[in-house]
Amino acid sequence: MKEKKDIQKEFIRVGTTLYKIVQRPLISGDYVEEKITWSYETLRQDYGKNNLPEIEKYDGFCMIPNHINYKQVHGTYLNQYKPIHHIPSEGEFPYIRLFLEHIFDEQLELGLDYLQILYLYPTQMLPILLLVSNKRGTGKTTFLRFLKMIFGKNATFNTNEDFRSQFNADWASRLLVLVDELLLNKIEDTEKIKNLSTAGDYKVEAKNKDRREIEFFAKFVLCSNNEKNPITIPKEEIRFWVRKIKPITKDNTSLRDQMEKEIPHFLYFLHHRKLSTQKYPGCGLTLLIWKPLHYTKLKSIILTRLK
């Protein structure tokens with residue numbers, strides 16, 4: 001499905017900077033909307049100084065995540081958080097249910113809670129989800145792709161090097177940071193990720209731009225083929241939810257397409273489902289409510305423990 005233009009204008013001005021709204025084509029045949037900086041001189045060359053197009057003007061950008069009552073404009077600020085384009089509708093989702101049963105197994109209800117909170121309460125803190133297996137064909141990567149299908153540009157794939165780079169503007173304002181081949185075995189790597197998982201504010205930095213502080217609400221979903229030492233986790237640490245994933249017994253090459261068709265039904269289910277964990281007044285859970293979840297004992301996995 002091609003993404004729709006959220007702004008029915010070709011040009012906008014945010015602060016003193018002019019942007020052109022473009023639709024960049026993808027290999028899949030879809031298009032993704034982007035804002036690229038433009039110049040008034042180029043605009044005059046293209047349209048003539050007496051025939052300039054109408055330009056919407058905003059004081060600045062903001063980042064306010066909401067999947068149920070999304071607003072693109074808040075006052076005089078343009079929301080950079082992207083709407084998800086799936087429209088919830090009642091129906092069955094057998095392929096998604098079967099896949100999630102495979103990923104979360106005996107913790108399926110907690111897994112559904114995790115996804116429900118992502119959808120309904122995107123600013124709520126959640127544990128760092130770590131999926132591990134040294135086997136092939138387990139569905140770890142498919143799970144990351146599934147999250148990307150649901151949340152679109154609000155989810156991004158990172159490499160190990162991205163966490164160590166000083167430039168973080170391309171991922172720090174996303175809802176989900178996804179890592180497919182995790183290998184961060186230095187204690188400083190662990191400290192950075194776990195501190196970010198509970199951070200309310202974070203300083204972002206882009207090349208050739210000043211650092212600035214933003215409200216931070218990203219969640220981390222990490223996958224690794226290294227069962228013994230994917231990341232250093234101190235024994236007393238409670239911010240990780242680790243699951244060892246078994247191989248899928250029956251391969252389905254059409255699974256991603258089948259699940260994508262079911263996403264509207266799955267979102268409807270999440271919107272109307274009752275959380276299985278204790279809920280506080282307001283918008284969901286505190287991190288401590290997930291404490292038993294973090295301590296999931298997986299005897300078949302050996303993580304590095306600090307003594």
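Start by selecting helix α3 (residues 108-120) and helix α7 (residues 255-272): their axes come within 9 Å and cross at roughly 90°. Helices here are DSSP runs of H or I with at least four residues, strands are E runs of at least two, and both are numbered from the N terminus. Axes are lines fitted to C-alpha atoms, for helices over the stretch in contact, with angles from 0 to 180 degrees between N-to-C directions.

Now show side chains. On α3, pick Leu112, Leu115, Gln116, Tyr119 and Leu120; on α7, Phe266, Leu267, Phe269, Leu270 and His271 make the contact (heavy atoms within 4.5 Å). By class, that's 8 nonpolar, 2 polar and no charged residues. Nonpolar covers Ala, Val, Leu, Ile, Met, Phe, Trp, Tyr, Cys and Pro; charged covers Asp, Glu, Lys and Arg; the others, Gly among them, are polar.

A quick word on the model: it's predicted, local features need pLDDT of at least 70, side-chain atom pairs need 80 or more, and totals for chains, interfaces and linings use all residues. Numbering runs from 1 along each chain as its sequence is written, and side-chain values use heavy atoms, leaving out hydrogens and water.

Next, the sheet: it's open, with 4 strands ordered β3-β2-β1-β4 and mixed pairing (at least two DSSP bridges per pair). The edges are β3 (31-38) and β4 (56-58), and the twist averages 30° from one strand to the next.

Zoom in on β2 (residues 17-25), which pairs antiparallel with β3 over 8 bridges. Glutamine 23 sits opposite glutamate 33 in β3.

Last stop: helix α1 (residues 40-47) lies across β1 (11-14), β2 and β3, at about 110° to β3.
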